[in-house]
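Have the viewer open as you read.

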Amino acid sequence: MNEPKRTSTQTWLIVGASLATAWIVYLILFGPRSGLGGDLPVPELKAPIQPSVTDYGWDLHDLAGASVSLEKHKGKTIFLNLWATWCPPCVAELPAIANLAGNPRLKDVSFLCVSTDESPEVVRSFLKGKNWPMTILMANALPSAFATDGIPATFVIAPDGRIVVSEVGSAQWDDPSVVDFLENLSKTPTDGAENVKNQGGEIPPG
């Protein structure tokens, strides 16, 4: 007579255990990390499939709504990250990006984190109490040079305007290999940069 009740209890135990396991897996994959000794993958620093150059005419604005020109960073190495507050993998990698941006060896690199959130108030609330050294901006649209199938998406732009890294997915960006890469790139001479188109297109032959 008690068999149906026992079966029902066992079913709920199984369901509960499954939900608990799913939650643990979620935390492991997407939960926030400190960025120091985290278990995010080391970025591969992959070059874009199609060589491209930066669109310095991109319309950006700060969290107060003021227009910001990407042109002001022209001639510098730019670490550009596309993210959103509602994206767990984006949030997971931001502390590592903050650590990277704060590295004194990278004082000549511009760190721009461009939010795709609709509301600047949401972003301001998320950033409250976080003294991160990156420049946080917002954009209503993405130029073709930074087209991506998902976020977080990270691009590294050389001083001459070439996009030399294009990666999608969260990563341990404060890894020493990234520091070395950005430091070396920031020392790259910009001679001939005037030959690079400002509004996209192919890189002129060397």
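What follows covers the disulfide, the aromatic pairs and the charges over rings.

## Ground rules

This is a predicted model, where local features need pLDDT of at least 70, side-chain atom pairs count only at pLDDT 80 or more, and totals for chains, interfaces and linings use all residues. Residues are numbered from 1 along each chain as its sequence is written, and side-chain values use heavy atoms, leaving out hydrogens and water.

## The cysteines

Searching the whole structure turns up one disulfide (a pair of cysteine sulfur atoms within 2.5 Å). Cys87 and Cys90 make it, with their sulfurs 2.4 Å apart. The link is right-handed, at 75° about the S-S bond.

Cys87 and Cys90 are both buried (under 20% relative accessible area; exposed is over 50%, partly exposed in between, with a 1.4 Å probe and protein chains only). Cys113 also counts as buried, because its relative accessibility is 0%.

## Aromatic pairs

The whole structure holds six aromatic pairs (ring centres of Phe, Tyr or Trp, using the six-membered ring of Trp, within 6.5 Å; planes under 30 degrees apart are stacked, over 60 edge-to-face, the rest tilted). One of them is Phe79 with Trp173, edge-to-face at 5.2 Å between centres and 85° between planes. Phe79 is buried at 0% relative accessible area, and Trp173 is buried at 0% too.

Trp83 and Phe126 have ring centres 5.5 Å apart and planes at 45°, so that pair is tilted. Both Trp83 and Phe126 are buried.

## Charges over rings

Lys130 lies over the face of Phe126, 4.4 Å from the ring centre (NZ of Lys or CZ of Arg within 6 Å of the centre and within 35 degrees of the ring normal). The charged end of Lys130 also sits over the ring of Trp132, 5.9 Å from its centre.
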